[in-house]
Amino acid sequence: MKRRSFLKSTIAFPLILTSFKLRGDSTPPSEQVCIGVIGLGGRAQDLVKTSFNIPEIRITAICDCFKPRVDSAMQVFGKAKGWKPYTHPLEMLDKEKLDGVIVATTTHARGWVSAHAMIRNIDVYMEKPMALTVEEGRTLVELARKYKRVTQVG
């Protein structure tokens, strides 16, 4: 087949392509995991930057109880990407349709936030340590099993 005849036969091809392919995105939005980030300290910022290299992850919301940190993250990354900012994790968990959360809060808040995410049927990646006490850790394991949530500690 010659080049001209090939081009003539494929003239309608761009109309068939979905918009994400035309934009050069490798993963359609329907196949992306919507993630919220709770806690925006140094480790969380590293995780956010790493997520930019994973096309199947789409961060849609961020949260930190320290508003200047939320404002800074929004200015650096969030506004351009359409993230929604929050200063209370339960508000974010209730308002956003999230598949999972990255919990990188201070240690004393990590278990509480993770438990609330699991109860809302949201998968959880949490930084270590996952809990302050053995009892709190056992409760998180029980919640993950009860609600069948994917949970990872890293």
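Which residue stands opposite V37 in β4? I102 does. This is a predicted model, in which local features need pLDDT of at least 70 and side-chain atom pairs count only at pLDDT 80 or more, while totals for chains, interfaces and linings use all residues. Residues are numbered from 1 along each chain as its sequence is written, and side-chain values use heavy atoms, with hydrogens and water left out.

**The strands**

Let's start with the sheet. Helices (H or I, at least four residues) and strands (E, at least two) are DSSP runs, numbered from the N terminus. Two strands pair if DSSP finds at least two bridges between them. Strand β1 (residues 33–38) runs parallel to β2, with six bridges between the two. Within that pairing, V37 has I62 as its bridge partner, and I38 sits opposite C63. On the way from β1 to β2 the chain passes through α4, and this β-α-β crossover is right-handed (with the strands pointing away from the viewer, the path from the first strand over the helix to the second runs clockwise).

β1 also pairs with strand β4 (residues 100–103), in parallel and through four bridges. On its side, β2 is joined to strand β3 (residues 84–86) by three bridges, again parallel. There, I62 has P85 as its bridge partner. The path from β2 to β3 goes through helix α5 (residues 67–81), and that β-α-β crossover is right-handed.

How covered are these strands? Buried means under 20% relative accessible area, exposed over 50%, and partly exposed in between (1.4 Å probe, protein chains only). Five of the six residues of β1 are buried, so the strand is mostly covered. In β2 (residues 57–63), five of the seven residues are buried, so the rest of the structure largely encloses this strand.

**Salt bridges**

The model has six salt bridges, each one a side-chain nitrogen of Lys or Arg within 4 Å of a carboxyl oxygen of Asp or Glu. Here are three of them.

| Pair | N to O distance |
|---|---|
| R43 and E127 | 3.2 Å |
| R69 and D64 | 3.6 Å |
| D94 and R120 | 2.6 Å |

Take R43 and E127, which meet through their side chains. R43 belongs to helix α4 (residues 42–51) and E127 to the loop between β5 (123–126) and α8 (134–146), so this pair ties together parts 84 residues apart in sequence. R43 is partly exposed at 41% relative accessibility, whereas E127 is buried at 10%.

The bridge between D94 and R120 also links distant parts of the chain: D94 is in helix α6 (residues 89–95) and R120 in the loop between α7 (107–119) and β5, 26 residues apart. D94 counts as exposed at 52%, and R120 as partly exposed at 28%.

In the remaining table pair, R69 and D64, R69 is partly exposed at 35% and D64 is buried at 8%.

A pocket, on a 1 Å grid over the protein atoms alone, is an open set of points where a 1.4 Å probe fits, with protein on both sides within 12 Å along at least five of seven lines; lining residues have an atom within 4 Å of a point. The volume of this second largest pocket is about 270 Å³, meaning the space filled by probe spheres set on the points, which are joined across faces, edges and corners. α7 gives the largest share of its lining, with four residues.
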